[in-house]
Amino acid sequence: MNVGHSGYYLRMQSVTVELEAASTMELVNALSTIATELASREAPESAAACLKLTETLVAASDMQESALAGFIGRVDACGEQARWGYPSTQAWLRSSLGMRDNRAKERLTLARQRRRLPQVAEQLAAGELSYGYAVTVADSVSRLDDHDCAEAEATLLGFVDQGFSAGKVAAFGRRIRDLIADRDDTEDAPDEDSRRGYDKSWLTTTRSLDGGRYVKGWLNPEDAAIWDGTLAPLAKPAGLDDRRDLPERTAAALSSVLSGGHKASKVTVICDLDTLTGGNAPARLTDGTPIPAAQARRIALAAGVSPLLLGRGNTPLYLGYRERFASAAQRQVLETLYPSCAVRGCEVPGTLCEVDHVHGWALGRSPTDIDQLALTCGWHNRFKHTNPDQIQITKDHDGRHVYRLLPPADARGPATGAGPPGSIGPPDDPALDWAA
């Protein structure tokens, strides 16, 4: 591989890329080839050389983040991720690209704010500003209007020029928001009280100037189970026209409970009878969270325990074709089997999902039997109905259905997928699927 400054070309193996004339796709492919070769090499023996190489590589990576922000911003603005089966850009970054949630949020924030941050975008692309500083400024201005954003950008970049760390710049950003809130007679949400422990639940509320309240707090696993069992069923979308997001629906559910409009709470604890009668075997919640036996017994006393019957006793788990909708008992079992949406990578909790007939009840191929049902979030349930050719269904080693998203037909290669859409394939590798 040769890099010539005067000719501006890269020669890799038998491929030559002229930098100035190359398309964006050709440049990305060239970069991928270089990264593949670099990743396969051992680090040099010299620690001093490694230090300099690290600094150079990080600076190059920061400039790549500038291009990445442009790509992500275009996908986000056009909603392209929905065509590929992802309900949001953040879900695409998290599920398809394997980003942790915080990193996905960082990159999405930078992609959305770079238009309002011309100095940050220019310096990041030129290698004069690190990615860490860029996302810090972007996050600091994300809740400011355009006028305040411009002033905050200049102020925060001034702190960067003075040599303050990214953490200090973030603190200055919070201070700027506080000053703007004080100027506009608004009040920001209080900071988390990290000094409190995690054994006891706690809540604090702060009244805002308009009569509302900010709420913050922590619920231990015992109280969190009661919270989820009570509010999660009430926080589901009211229908296809319900445009509220999950936080808005959760607030409405809490208001309903506090006003006495909902009395019952449903908490399911999966455990042996011996646990409830004094044994030490641990229990778990429907989302897989392990809880000590003593906490399980306290939940039983505080909120009652919904029995979980996997086809035993008199609970009908196999209803055949006569019933269209899953029974309450089936729903309870499914919430235990599916801690989250059956679509691989979707993190919507099972308690907020809808019961889906795997092969479509209306077509007569999927009876309302427990082994023919799965849980999917409302977005993916509708996506599966309207785009059946983009869902591949397999079973994991425990017999649970796993839905995988396939690319749109116009972007699909001949080797895409392990089988025809909607087919039942071989069991997945146990190491890659649901946690027990």
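Colleague: Which residues does Y403 touch, not counting residues up to four places away in sequence?
Modeller: This is a predicted model. Contact here means heavy atoms within 4.5 Å. With residues up to four places away in sequence left out, the partners of Y403 are A342, V343, R344, D356, V358, A374, T376, K384, I391, Q392 and I393.

Colleague: Which residue is the bridge partner of I393 in β12?
Modeller: Strand β11 covers residues 391-395, and five bridges join it to β12. The two strands run antiparallel. In β12, I393 is paired with Y403.

Colleague: Which residue in the turn between β11 and β12 has a positive phi?
Modeller: β11 and β12 form a hairpin. Five residues lie between the two strands. The positive phi, about 85°, belongs to G399.

Colleague: Why is strand β12 largely enclosed by the rest of the structure?
Modeller: β12 spans residues 401-405. A residue counts as buried when its relative accessible area is under 20%. The strand is largely enclosed because the number of its five residues that are buried is four.

Colleague: Which residues have the most contacts inside the largest nonpolar core?
Modeller: The largest nonpolar core has 28 residues. At least two residues of this core come from each of α2, α4, α5, α14, β10, β11 and β12. Another core, of 23 residues, lies apart from it, with A69, A152, V160 and V169 among its members. Inside the largest core, the residues with the most contacts are L93 and Y403.

Colleague: At what angle do helix α7 and helix α8 pack?
Modeller: α7 holds residues 131-141, and α8 holds residues 146-161. Their axes are 10 Å apart. α7 passes α8 in a right-handed crossing. The packing angle is about 145°.

Colleague: How many nonpolar residues are in the contact of α7 with α8?
Modeller: From α7 come Y133, V137, S140 and V141. They meet C149, A152, E153, L156 and V160 in α8. By class, this contact has one polar residue, one charged residue, and a nonpolar count of seven.

Colleague: Is M63 buried, partly exposed or exposed?
Modeller: M63 lies in helix α2. Buried needs under 20% relative accessible area, and exposed needs over 50%. M63 has 36% relative accessibility, so it counts as partly exposed.

Colleague: What distance separates the C-alpha atoms of M63 and A126?
Modeller: Not counting residues up to four places away in sequence, M63 touches L124, A125, A126 and G127. M63 and A126 are 63 residues apart along the chain. Their C-alpha atoms are separated by 6.8 Å.

Definitions and conventions: Residues are numbered from 1 along each chain as its sequence is written. This is a predicted model: local features need pLDDT of at least 70, side-chain atom pairs count only at pLDDT 80 or more; totals for chains, interfaces and linings use all residues. Side-chain values use heavy atoms; hydrogens and water are left out. Buried means under 20% relative accessible area, exposed over 50%, partly exposed in between (1.4 Å probe, protein chains only). Two strands pair if DSSP finds at least two bridges between them. Axes are lines fitted to C-alpha atoms, for helices over the stretch in contact, and angles run from 0 to 180 degrees between N-to-C directions. A crossing is left-handed if the near helix is turned anticlockwise from the far one by less than a right angle, and right-handed if clockwise. Ala, Val, Leu, Ile, Met, Phe, Trp, Tyr, Cys and Pro count as nonpolar, Asp, Glu, Lys and Arg as charged, and the others, Gly among them, as polar. A nonpolar core is a set of buried Ala, Val, Leu, Ile, Met, Phe, Trp, Tyr and Cys residues joined through side-chain atoms within 4.5 Å.
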